[in-house]
Amino acid sequence: MTAKLQALILAAGKGTRMKSELPKVVHPILGKPMVAYVIEAVRAVGCDKATLVTGYKSELVRDMLSGENVAFVEQPQQLGTGHAVQCFAREVTAMPERLLVVCGDTPLISTATLRQMIEMHDREKPAITMMTLNMETPGNYGRILRKNGKVCAIREARDCTEEELKVKEVNLAVYLFEGQFLQNNIFKLTAGNQQKEYYLTDLVEMAVQQGLPVISCIEKDESSTLGINSRQHLAEVSAILQQQILDRLMSAGVTITSPLNTFIGPDVDIGPDTVIHPGTMISGRCNIGRDCVIGPNCHISEAMIGNGCCLEACLVKNASVTDNSKIEPFSLIEG
């Protein structure tokens with residue numbers, strides 16, 4: 001029987017490079033807080049509970065995610081990823097059998113790779129399974145150090161020697177821990193590094209020193225690993241997610257005449273043979289039927305549009321439109 005799996009999402013930072021008073025993880029992407037995509041991903045791979053570690057403007061984060069059915073743990077001082085997990089360990093009555101630790105600022109995280117990672121962990125039963133990536137220019141990513149082909153440590157870039165900086169396999173800060181190992185070792189972490197922080201990555205060396213296996217699941221799609229640290233990153237990830245949504249709809253039989261001039265959110269369903277014209281914005285939870293013509297220049301939000309409808313240059317918000325309706329330009333329909 002597969003051990004129970006929980007998720008811990010690290011979401012305590014302010015995100016100073018965002019130049020915003022809004023905590024980084026609740027900045028919207030296509031109308032949803034970026035961390036909501038991460039919550040969806042961990043649920044999709046079987047986590048029966050998700051907990052967010054919050055810090056900067058913790059109450060605001062909780063309020064904005066009140067409908068997500070997640071638990072919260074506060075990290076009052078941001079003293080590193082290891083410290084974040086320590087805060088979680090102090091709060092829970094018992095450590096989960098297995099804990100998946102991910103970052104809240106990676107909305108493109110691949111559910112396929114997460115599933116592969118969980119399957120590897122179930123099969124090989126290591127203390128830690130982590131996600132890694134081979135990068136041509138690893139930059140400031142932590143390096144995966146190996147001995148005789150086996151993972152022996154993760155070294156933060158700022159703590160690497162010249163030789164270690166040449167390593168191209170990097171850490172993606174996605175870990176699957178055996179709960180008992182985590183319980184036994186999380187409070188053994190020390191802040192003996194340049195940043196004076198408690199690194200979760202140090203647990204890898206601890207496991208190796210104890211003779212416990214550590215394995216890696218290698219991600220192939222570099223775009224799925226993009227973290228958000230700036231408004232530029234926000235725009236880049238938004239564009240990728242938007243294209244994924246448009247591709248899904250077009251593959252399902254929807255015509256989108258100008259993808260570059262169309263905005264469709266992640267919680268929108270559209271029936272086949274519907275045509276979406278430029279300047280159209282469809283956001284929130286929307287359902288649009290088949291054989292419709294939408295646009296140009298429509299704004300539809302939290303709405304139900306029936307089959308065979310024709311809408312042009314109008315605003316529909318929190319409302320329903322019955323089958324075969326024709327909405328004239330400049331109309332406002334609001335529930």
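# Close-up views of a predicted model

**Figure 1. Asn-148 is exposed, its relative accessibility being 76%.** The structure shown here and in the following views is a predicted model. Asn-148 belongs to the loop that runs between strand 8 (143-147) and strand 9. Its phi is positive, near 55°, and the residue is not a glycine.

**Figure 2. Ala-173 is a residue of strand 10 with a positive phi.** The phi of Ala-173 is about 60°, although the residue is not a glycine.

**Figure 3. The whole chain, as context for the close-ups.** Seven helices and 25 strands make up the secondary structure of the chain. Along the principal axes, the C-alpha atoms fill a box of roughly 70 × 45 × 40 Å. The chain has 335 residues, of which 50% count as buried. Among contacts in the chain with a separation of 6 or more, 50% come from residues 24 or more positions apart.

**Figure 4. Helix 4 covers residues 111-124.** This helix has 14 residues, and the distance from its first C-alpha to its last is 20 Å, close to the 20 Å expected at 1.5 Å a residue. Which residues of helix 4 are buried? They are Thr-113, Leu-114, Met-117, Ile-118, Met-120 and His-121. These residues lie on the same side of helix 4, because the arc they cover around the axis is only 160°. An α-helix has 3.6 residues a turn, so residues three or four places apart point the same way. The elements against which the buried residues of helix 4 pack include helix 1 (34-44), strand 1 (5-11) and strand 6 (98-103). Strand 7 (128-134), strand 10 and strand 11 (214-218) are also among these packing partners.

**Figure 5. The two ends of helix 4.** At the start of the helix, a side-chain oxygen of Ser-110 comes to within 3.3 Å of the backbone nitrogen of Ala-112. Lys-125 follows helix 4 and has a positive phi, near 55°.

**Figure 6. Asp-267 and Lys-32 form a salt bridge through their side chains.** The N to O distance is 3.7 Å. The pair links distant parts of the chain, 235 residues apart: Asp-267 is in the loop between strand 13 (262-264) and strand 14 (268-270), and Lys-32 is in strand 3 (residues 32-33). Are the two partners buried or partly exposed? Asp-267 is partly exposed at a relative accessible area of 22%, whereas Lys-32 is buried at 9%.

**Figure 7. A salt bridge joins the side chains of Glu-205 and Arg-155.** The N to O distance in this pair is 3.4 Å. Glu-205 in helix 6 (residues 202-209) and Arg-155 in strand 9 are 50 residues apart, so this pair too links distant parts of the chain. Both side chains belong to partly exposed residues: Glu-205 has a relative accessibility of 27%, and Arg-155 has a relative accessible area of 22%.

**Figure 8. Arg-290 and Asp-291 form a salt bridge, and other residues form a network.** The closest N and O atoms of Arg-290 and Asp-291 are 3.7 Å apart. Arg-290 is partly exposed at 38% relative accessibility, and Asp-291 is partly exposed at 44%. The model has 14 salt bridges by the rule applied here.

**Figure 9. Glu-156 is buried and has no salt bridge.** Glu-156 sits in the loop between strand 9 (150-155) and strand 10 (169-178). Which side chain of opposite charge is nearest to Glu-156? It is that of Arg-158, 4.5 Å away; the pair is not counted because a salt bridge requires the nitrogen to be within 4 Å of a carboxyl oxygen. With neighbours within four places in sequence set aside, Glu-156 is in contact with Gly-142, Tyr-199 and Thr-201.

**Figure 10. Cys-87 is located in helix 3 (residues 81-91).** Cys-87 counts as buried, at 8% relative accessibility. Leaving out neighbours within four places in sequence, its contacts are Val-73, Glu-74 and Gln-75. Cys-309 is 222 residues from Cys-87 in sequence, and their C-alpha atoms are 53 Å apart.

**Figure 11. The peptide bond between Gly-295 and Pro-296 is cis.** Its omega is about 5°. Pro-296 is part of the loop between strand 18 (293-294) and strand 19 (299-301).

How values were computed. Residues are numbered from 1 along each chain as its sequence is written. This is a predicted model: local features need pLDDT of at least 70, side-chain atom pairs count only at pLDDT 80 or more; totals for chains, interfaces and linings use all residues. Side-chain values use heavy atoms; hydrogens and water are left out. Helices (H or I, at least four residues) and strands (E, at least two) are DSSP runs, numbered from the N terminus. Buried means under 20% relative accessible area, exposed over 50%, partly exposed in between (1.4 Å probe, protein chains only). Lys and Arg count as positive and Asp and Glu as negative; His and the chain ends are not counted. Contact means heavy atoms within 4.5 Å. The expected span of a helix is 1.5 Å times one less than its number of residues. The arc is that of the directions from the helix axis to the C-beta atoms. A polar contact is a pair of N or O atoms within 3.5 Å; within protein, one must be able to donate a hydrogen and the other to accept it, and residues adjacent in sequence count only if both atoms are side-chain atoms.
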